[in-house]
Amino acid sequence: MPAANSTSPLPGAAPAVGVTVEGLSKRFGTFEVLRGVSFTVQPGEIFVLMGPSGSGKSVLLKHLVGLERPSAGQTTVAGLDGADPTTRERVRMALVFQAGALFNSLSVYDNLALYPREHRLGDEAAIRDRVMRALQILSLENAAHKFPAELSGGMKKRVAIARALVMEPQLLLYDEPTSELDPVMSATITEIIATLRQRYQVTSIVVSHDRDLALAIADRVGILMGGELIFLGPPADLRQPTDPRVADFLNPRIDLEHPRFKHLET
Amino acid sequence: MSTTSLSSPPAAVGTPSVTDRLLTWLPTPVFQVLHGTGSTLLLLARTLRHVPSLPRQFGRFIEQCHLIGYTTMPIVGILSFFIGSVLALQSGHAGENVGYKQFIGALVGLTMARELGPVMAAVLLAGRVGSAIAAELASMKVYQEVDALETMNIPPERMLVLPRIAAVLTMMPVLTIMADLVGWFGGAIVSQYTHFISIEPASYFANLRQYMDFGDVLNGLIKAEVFGLTVVLVCCNIGLNTRGGPREIGASVTRAVVTSLILILVLDFFVTKALM
């Protein structure tokens, strides 16, 4: 749960919001990606959603911000329907995309300034303050005038987080924030996620298959497999998993005699 | 931990609706045409909702005017000059024996103003600007920049489509008038210096003015606006509906340009008929 000794939230930030997912199912053609997934996330909580590639984690995240519509079931954010486009107007949600999704034609500064400019959140001086504050939080002041193509993978992820932070979000969603990063940069991003929650009380949902991240900062963890939630609980329960699928996912045994790729479906 | 206790029983997911079932019976090309037409008109409707915010997009509007208008002018100029020249040359050659070469001014003037000026400007727009729009928006879609805009509650129609539509509606008349003028001058030069035509520019333009009025130019400008709007809308729609990777971006560009060219010629017939 959120740390009690947190500092003040971002100026102008609204309180964190809770999220519910009720019987969520999603089908693409005949392929069912999500099957009756249900869980709740409390305001200010860090919820880590884990699972193998293709298990439906990112699709679930897109349902929360209204980028996908459920085939059945419902998601709510602050009690409002996640599939309703007006929810995005009433609750400030930010999604940190796996590849960053930075606007390649804009500099880092303009990437961050786009949201306040488009929503007219002050004059250019106020926007500059807001952007520079977000860059300072992530130690990115020197990258302000660089373009996304000039940044390393780790810096792109940090800029993507900074761009989300400029929105002063009530709900911050991270899609694979530590993928394709070296262990030190993964730890750095993990620290950033925990720090942002601690300082700004933002509700955080992190989709990841980074076991270290989940064990270090999650309040609760969910594990999706084959479109179903097969584990939901505190990270401590993951140290001694009773479900063999969870145990195999977290501590896969490398078996050169019977390699598992021989049994994978195409 | 039990599996069943965590996931509620899967609900009856998606029984296909009557509309879905009907659509599956349609031949694929018919479905694609209907789907493309419907989604393009929907994109236009969604974009028009944001017209009041156009003043806030002034910077992007100017940028698009530069790309759509200014950078397209040289190629429109070159092409129109030679089209006007060839028109004069062909009609002069054919009319030499029949005796209508004194009407070359009117022939080149009317053909450029009513038909070739707007059509050639639109064809060049599709090839030069439409392809760039489709490629840019398709790559923004594939690399999730469009999704990022939506999560930031910034409608892509407002930021990406509206300035382009406003810019093309502003610049198409400019490009078309330029095509008309350059084409007329191309015809005049060829008429003066080709030995079997030898018509002085004064006679050429007198004949042009005698058989033309502003209505003919306006006719071409209306066509140009229809073509320009169609090209930009089609290219934006195809770009924004791209899914996949680099190969699909390339396929979207090809589809956008081919669809635009077909629509220019099909619409040309119907708009011409409507304006007669």
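Which residue in E8(A) is the bridge partner of A:Ile46? In this predicted model, the partner is A:Ser204. That pair belongs to the contact between strand E3, residues 46-50, and strand E8, residues 203-207, of chain A, where four bridges join two strands that run parallel.

Let me place these two strands in their sheet. The sheet is open and has six strands, in the order E6-E7-E8-E3-E9-E10 of chain A, and its pairing is mixed. At the edges stand E6 and strand E10 (228-233) of chain A; each has a single partner strand, so one side of each is left without a neighbour in the sheet. On average, and with direction ignored, neighbouring strands here are turned by 15 degrees against each other.

Chain A has a further open sheet, of four strands, in the order E2-E1-E4-E5, with antiparallel pairing. Strand E2 (31-41) and strand E5 (80-81) of chain A are the edge strands, each pairing on one side only. Within this sheet, strand E1, residues 19-28, is joined by five bridges to strand E4, residues 72-77, and the two run antiparallel. As one example, A:Glu22 has A:Gln74 in E4(A) as its bridge partner.

I turn now to the domains. The assignment for chain A gives domain 1 as 14-92 + 173-266 and domain 2 as 102-167. Their centres, taken over C-alpha atoms, are separated by 26 Å. Where the domains meet, eight residues of domain 1 of chain A are in contact with seven residues of domain 2 of chain A. The domain 1 side of that contact comprises six nonpolar, no polar and two charged residues.

Next, helix H5 of chain A, residues 153-166. H5(A) has 14 residues and reaches 20 Å from its first C-alpha to its last, close to the 20 Å expected at 1.5 Å a residue. Is this helix largely enclosed or open? Of its 14 residues, 11 are buried, so H5(A) is largely enclosed by the rest of the structure. The buried residues include A:Lys156, A:Lys157, A:Arg158 and A:Arg163, along with A:Val159, A:Ile161 and A:Leu165.

What covers the buried residues of H5(A)? The cover includes helix H3 (108-118), helix H4 (124-137) and helix H6 (183-200) of chain A. Finally, H5(A) is followed by A:Glu168, whose phi is positive, near 50 degrees.

Conventions: Residues numbered from 1 in each chain as written. Chains lettered and ligands numbered in written order. Predicted model: local features only at pLDDT ≥ 70, side-chain atom pairs only at ≥ 80, totals over all residues. Domains from an automatic or database assignment. Contact = placed C-beta atoms within 7 Å. Nonpolar A, V, L, I, M, F, W, Y, C, P; charged D, E, K, R; others polar. Expected span 1.5 Å × (residues − 1). Buried ≥ 20, exposed ≤ 12 C-beta atoms within 10 Å, placed from the backbone. Pairing = 2+ DSSP bridges. Axes fitted to C-alpha atoms, helices over the stretch in contact; angles between N-to-C directions.
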